[in-house]
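Please look over the structure below before reading on, and keep in mind that it is a predicted model. The briefing is meant for a reader who is new to describing protein structures.

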Amino acid sequence: MALLLLADPSEDKVRSSLAGSRCFAAFRDGVVVGACVVQPRGAGVHELMSIAVLPEHQQSGYGTVLLQSVIDCFRASGASQLEVGAGTFGYQLAFYQRHGFRVASIDHDFFVRHYPEPVFEDGIQHLDMLRLRLRY
Ligand SMILES: CC(C)(COP(=O)(O)OP(=O)(O)OC[C@H]1O[C@@H](n2cnc3c(N)ncnc32)[C@H](O)[C@@H]1OP(=O)(O)O)[C@@H](O)C(=O)NCCC(=O)NCCS
């Protein structure tokens, strides 16, 4: 949970995403250093709900391996697309787009409507959410 909360500050939202989902983890020397949750959306569509790597292990390639493994796993299972929601700024956008995700739509004021407290990153408040989509 501590790991997943790095990707989404709402424990309620993280917990509600777990039922029926699959969890993937990245290990270093037998210890989990990264994890993500993927929820089925039906008709070959899956949503990556949270992906996070422990701060001390970020920028070491674990996130890339984890995301690529998820993409490959669902491609092999015959999925049609993988979706993810992300803020409108930050290195995460480049991270997803480097793997082939493209912007599908904008959910205006998502972070205002779905979180009890304002969500800040790099001193900027997250307001809108970009829906990103990878088509297989
Ligand atoms: C997003 C995240 C899962 C990526 O995992 P990672 O192991 O750090 O990623 P990688 O080492 O494979 O690096 C992927 C790219 O992201 C960049 N990156 C990762 N962390 C970064 C940071 N804190 N600041 C700037 N760039 C960063 C890397 O430099 C790399 O870019 P490059 O290929 O141009 O060098 C991880 O940084 C994380 O847990 N972040 C906090 C939680 C989060 O924001 N999750 C996503 C919610 S939408």
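**Helix α2**
- Helix α2 covers residues 62-76, 15 residues in total, and its span of 21 Å from first to last C-alpha is close to the 21 Å expected at 1.5 Å a residue.
- The buried residues of α2 are Y62, G63, L66, L67, V70 and F74, and because they fall within an arc of 130 degrees when seen down the helix axis, they line one face of α2.
- An α-helix has 3.6 residues a turn, so residues three or four places apart point the same way.
- The exposed residues Q68, D72 and A76 sit on the face of α2 that is turned away from its buried side.
- The cover over the buried residues of α2 includes the strands β1, β2, β3 and β4, together with α3.
- Just after α2 comes G78, which takes a positive phi of about 90 degrees.

**The sheet**
- The 6 strands form an open sheet in the order β1-β2-β3-β4-β8-β5, and their pairing is mixed.
- At the edges stand β1 and β5, each with a single partner strand, so one side of each is left without a neighbour in the sheet.
- From one strand to the next, the twist averages 30 degrees.
- Strands β3 and β4 run parallel and are joined by 4 bridges, and L48 has V84 in β4 as its bridge partner.

Conventions. Residues are numbered from 1 along each chain as its sequence is written. This is a predicted model: local features need pLDDT of at least 70, side-chain atom pairs count only at pLDDT 80 or more; totals for chains, interfaces and linings use all residues. Helices (H or I, at least four residues) and strands (E, at least two) are DSSP runs, numbered from the N terminus. The expected span of a helix is 1.5 Å times one less than its number of residues. A residue is buried if 20 or more other C-beta atoms lie within 10 Å of its own, exposed if 12 or fewer, and partly exposed in between; C-beta atoms are placed from the backbone. The arc is that of the directions from the helix axis to the C-beta atoms. Two residues are in contact if their C-beta atoms, placed from the backbone, lie within 7 Å. Two strands pair if DSSP finds at least two bridges between them. Axes are lines fitted to C-alpha atoms, for helices over the stretch in contact, and angles run from 0 to 180 degrees between N-to-C directions.
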